[in-house]
Amino acid sequence: MNFLYAAYAATWIIHICYLVILLVGYRRVRKQIEELRRGQ
Amino acid sequence: MKRIFTVFALLTGILLSYALYEALIVAPTEKTMGDVQRIFYYHVPSAWTAFLLFTTNFVASVVYLIRRSAAADALAVVSAEVGVVFCTVVLVTGPLWARPVWGIWWTWDVRLTSTLVLWLIYVSYLMLRRFSTSGETPVLAAALAIFGALDVPLVYFSIWIFRTQHPQPVIGGGGSIDPRMLHVLLINWAAFLGFALLICWSRYRLEVLKREVEEMQALTALLQPRSSR
């Protein structure tokens with residue numbers, strides 16, 4: 001059972017990590033857009 | 001569009017929860033392996049989804065080479081990146097199943113090795129896209145993607161062609177499966193496909209935004225008066 005739970009947990013940890021990377025990417029792009037707007 | 005995304009995300013969340021319930025509670029317990037066999041409901045759909053994404057990357061790369069379409073190039077990056085995420089799941093859940101069943105975490109078997117090679121090819125594709133500063137990067141990446149895609153059928157058909165320790169395919173191969181298990185497997189695949197589509201959708205939007213920002217930054221730098229540079 002431990003291996004089963006480890007596999008399921010690992011799957012979601014990998015997906016959640018990628019979602020966090022996506023969120024960080026979005027935040028960075030939004031910040032860049034705001035900087036560009038301020039510069040205009 | 002935002003509303004469709006929210007509704008789709010909600011439906012995918014429900015389907016993923018239902019698929020998890022089916023995999024852990026409803027699916028019958030396999031006689032020889034016991035509960036550890038349930039890893040199969042995450043491992044196999046992840047592998048199929050990764051193959052589909054790498055095939056999308058191949059098609060998008062060919063379209064890019066023919067038409068030089070920016071949308072095809074963006075789709076190629078997105079599908080490769082999300083494909084690598086799903087392939088990572090395959091490479092992590094595989095050994096977690098193998099340890100209690102085979103008694104080893106890893107063996108240099110054709111199926112396992114070719115999957116690792118596939119993962120390495122697409123990681124190198126992403127590194128090329130991330131770190132190369134050449135103007136020809138999309139063309140080089142598209143060429144690499146076409147060669148990389150050759151490994152997808154090799155991974156899939158390796159268990160038919162070579163003698164391997166990996167179990168036989170459950171659909172269209174020498175393996176057989178209980179219809180109730182097949183039902184749970186297909187539900188999980190549908191759920192992971194929906195999830196992959198959602199991630200690709202978000203990542204594609206991010207890629208388009210990134211490119212627009214880069215263009216704007218280049219334009220702003222060009223329009224800036226010399227004295228202020």
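The model is predicted, so local features need pLDDT of at least 70 and side-chain atom pairs count only at pLDDT 80 or more, whereas totals for chains, interfaces and linings use all residues. Residues are numbered from 1 along each chain as its sequence is written, and chains are lettered from A and ligands numbered from 1 in the order in which they are written.

**The two chains**

- Chain B comprises seven helices and zero strands, where helices (H or I, at least four residues) and strands (E, at least two) are DSSP runs numbered from the N terminus; read along the sequence, the pattern is α-α-α-α-α-α-α.
- The C-alpha trace of chain B spans about 75 × 40 × 30 Å along its principal axes, and 34% of its 229 residues are buried (20 or more other C-beta atoms within 10 Å of the residue's own; exposed means 12 or fewer, partly exposed in between, with C-beta atoms placed from the backbone).
- Among the contacts in chain B with a separation of 6 or more, 75% join residues 24 or more positions apart, a contact being a pair whose C-beta atoms, placed from the backbone, lie within 7 Å.
- Chain A, by comparison, has one helix and zero strands, its C-alpha atoms fill a box of roughly 60 × 5 × 5 Å along the principal axes, and 10% of its 40 residues count as buried.
- The contact between the chains takes 19 residues from chain A and 23 residues from chain B, and the side of chain A that touches chain B has 14 nonpolar, five polar and no charged residues (Ala, Val, Leu, Ile, Met, Phe, Trp, Tyr, Cys and Pro count as nonpolar, Asp, Glu, Lys and Arg as charged, and the others, Gly among them, as polar).

**Helix α3(B) and its partners**

- The pair α2(B) and α3(B) packs at an angle of about 155 degrees with axes 7 Å apart, where axes are lines fitted to C-alpha atoms, for helices over the stretch in contact, and angles run from 0 to 180 degrees between N-to-C directions.
- The contact of α2(B) with α3(B) divides into 18 nonpolar, 10 polar and two charged residues, and the crossing is left-handed (the near helix is turned anticlockwise from the far one by less than a right angle; clockwise gives right-handed).
- The axes of α3(B) and helix α7 (residues 179-223) of chain B come within 9 Å and cross at roughly 135 degrees, which makes α3(B) oblique to α7(B).
- The crossing of α3(B) and α7(B) is right-handed; the contact is made by residues including B:Val78, B:Val82 and B:Phe86 of α3(B) and B:Ile199, B:Arg203 and B:Tyr204 of α7(B), and by class it has 11 nonpolar, one polar and three charged residues.

**Two individual residues**

- B:Gly83 lies in helix α3 of chain B and counts as buried, with 27 C-beta neighbours inside 10 Å.
- Leaving aside neighbours within four places in sequence, B:Gly83 is in contact with B:Ala50, B:Leu53, B:Phe54, B:Asn57 and B:Tyr122; the C-alpha atoms of B:Gly83 and B:Asn57, 26 residues apart along the chain, are separated by 8.8 Å.
- B:Arg68 is found in the loop between α2 and α3 of chain B and is exposed, with 12 other C-beta atoms within 10 Å.
- The phi of B:Arg68 is near 55 degrees, a positive value in a residue other than glycine. Most residues other than glycine have a negative phi.

**Helix α4(B)**

- Helix α4 (residues 110-131) of chain B and helix α5 (residues 137-149) of chain B pack at an angle of about 175 degrees with their axes 10 Å apart, which makes α4(B) roughly antiparallel to α5(B).
- Among the residues in this contact are B:Ile121, B:Tyr125 and B:Leu128 of α4(B) and B:Leu140, B:Leu144 and B:Gly148 of α5(B), and the contact divides into eight nonpolar, two polar and one charged.
- The buried residues of α4(B) include B:Leu118, B:Ile121 and B:Tyr122, and the buried residues of this helix pack against α2 (40-67), α3 (70-102), α5 and α6 (151-161) of chain B.
- The 22 residues of α4(B) should span 32 Å at 1.5 Å a residue, and the end C-alpha atoms are 31 Å apart, which agrees; the expected span is 1.5 Å times one less than the number of residues.

Note on methods:
Angles under 35 degrees count as roughly parallel, over 145 as roughly antiparallel, 65 to 115 as roughly perpendicular and the rest as oblique. Two residues are in contact if their C-beta atoms, placed from the backbone, lie within 7 Å.
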